[in-house]
Amino acid sequence: MSLGCPKALVDSEQILTRLRAEGYEISSSYDGADLVVVNTCGFIDAAVEESLDAIGEALAENGKVIVTGCLGAREGLIRELHPKVLAITGPHAADEVLQHVHTHLPQPHDPFTSLVPPQGIRLTPQHFAYLKISEGCNHSCTFCIIPSLRGPLVSRPIGDVLLEAKNLAAAGVRELLVISQDTSAYGVDLKYRTGFHGGRPIKTRLKELCEAMAEFGIWVRLHYVYPYPSVDELIPLMAEGKLLPYLDVPFQHANARILKAMRRPASSENNLERIRAWRAICPDITIRSTFITGFPGETEAEFEELLAFIEEARLDRVGCFAYSPVDGAEANALPGAVPDEVREERRRRLMDVQEDISAELLAAKIGREITVLVDAVDDEGVIARSSADAPEIDGLVFVNDFFDAEPGDFLQVRVVDADEHDLYAEPLE
Ligand code: SF4
């Protein structure tokens with residue numbers, strides 16, 4: 001019911017439009033309505049009188065009444081005469097009116113989300129999804145311009161992240177890939193503030209996030225983890241099977257001077273020792289990393305130190321890039337630019353060493369029984385991945401001549417062969 005001037009009429013139109021958008025039906029009679037909204041006028045005495053009468057009539061005919069509009073500013077007067085009204089708002093208060101309506105009549109649908117599944121719209125296949133836990137970065141690596149593009153670290157509230165993860169798991173996602181610019185720094189900007197998940201308090205911190213995600217019973221894989229000391233507390237979770245035994249740690253180099261010139265986070269850590277300690281706790285851990293060859297000023301001796309690290313660390317997966325100057329990056333101004341062909345030649349040497357290591361590590365898996373997640377089934381059989389293989393960047397596990405599976409299934413298989421990148425397996429009974 002709409003009383004008063006054209007401004008009040010527009011308020012009524014806005015309220016009706018919002019109600020319709022949320023799926024409520026508009027009724028032209030009291031008895032057809034579940035609830036009445038009376039938009040009042042309070043300008044002159046006669047208008048006040050008319051509004052109070054209208055509220056009385058709506059209460060008598062229907063019983064459930066929300067009052068809005070100019071007379072709403074005089075709540076005491078309305079309550080004195082009509083104590084049974086459900087709620088009172090002032091004029092131009094569509095949001096408040098809608099909230100009161102929601103309290104008494106469940107919203108048929110939310111126009112912002114009801115056409116979208118709870119897990120949102122995904123561009124990845126149904127069985128895995130990327131989960132971004134923060135945006136931006138607090139570091140200033142000299143070869144990178146991301147902080148100037150994306151700003152400083154802003155962690156998402158842990159309750160939001162866990163709700164998204166839970167919705168994804170409920171929608172059939174079997175593997176969550178946790179991403180950000182700096183995953184181990186999650187929560188630093190919020191001083192590890194306590195948030196809530198399922199009514200329980202929980203700190204905005206990577207370890208707590210991983211522990212909570214373990215409850216969803218799906219694979220959780222961590223990417224872009226810098227080797228801060230706090231990463232050590234994640235390894236026992238991997239050993240206990242709560243988190244995939246997989247760490248994507250972008251070391252970028254092994255020589256202390258170059259790491260300092262790169263201004264890398266956690267550059268003073270003794271990474272070889274850390275890797276040994278991680279493997280002692282979780283022998284099955286897969287470590288992936290990326291490196292840059294030919295960073296400005298890199299000498300042959302410094303590059304050889306990197307090669308020695310690669311030989312010693314025996315990482316499972318390695319990506320390597322010849323240094324490429326990014327427009328606007330500080331490193332471009334550093335002295336000692338390395339010629340293009342030397343950068344590339346060092347990249348090739350590093351990858352040659354690594355290819356042998358990868359092949360040996362994969363060959364050592366022959367005979368082992370492992371769990372794989374099916375990505376696809378084609379006319380040669382099943383294409384899957386193990387805990388050691390992130391989609392797109394790592395290897396695959398081929399289960400040839402086996403077709404009885406669908407994307408998203410977990411399979412138990414025995415590894416029967418390997419090359420430098422992939423494994424070949426047969427299903428277990
Ligand atoms: S490379 Fe360095 S500066 Fe760039 S996003 Fe990663 S940590 Fe931040």
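Q: Domain bounds here come from an automatic or database domain assignment; which domains does the chain have?
A: The model is predicted, with local features needing pLDDT of at least 70 and side-chain atom pairs pLDDT 80 or more, while totals for chains, interfaces and linings use all residues. Residues are numbered from 1 along each chain as its sequence is written, and side-chain values use heavy atoms, leaving out hydrogens and water. The division gives domain 1 (6-104), domain 2 (128-364) and domain 3 (368-427).

Q: How far apart do the C-alpha centres of domain 1 and domain 2 lie?
A: The C-alpha trace of the chain spans about 95 × 60 × 35 Å along its principal axes. Between the C-alpha centres of domain 1 and domain 2 the distance is 57 Å.

Q: What radius of gyration does the chain have?
A: The radius is taken over C-alpha atoms, and the globule rule is 2.2 Å times the number of residues to the power 0.38. For a compact globule of 429 residues the value would be near 22 Å, whereas the chain has 31 Å.

Q: Why are α6 and α7 described as roughly parallel to each other?
A: Axes are lines fitted to C-alpha atoms, for helices over the stretch in contact, with angles from 0 to 180 degrees between N-to-C directions. Angles under 35 degrees count as roughly parallel. The axes of α6 (residues 158-170) and α7 (residues 206-214) come within 11 Å and cross at roughly 30°, and the pair is therefore roughly parallel.

Q: Which residues make the contact of α6 with α7?
A: Contact means heavy atoms within 4.5 Å. The residues are I158, V161, L162 and A165 of α6 and L209, A212 and M213 of α7.

Conventions
Helix = DSSP H or I, 4+ residues; strand = E, 2+ residues; numbered from the N terminus. Parallel < 35°, antiparallel > 145°, perpendicular 65-115°, else oblique. Domains from an automatic or database assignment.
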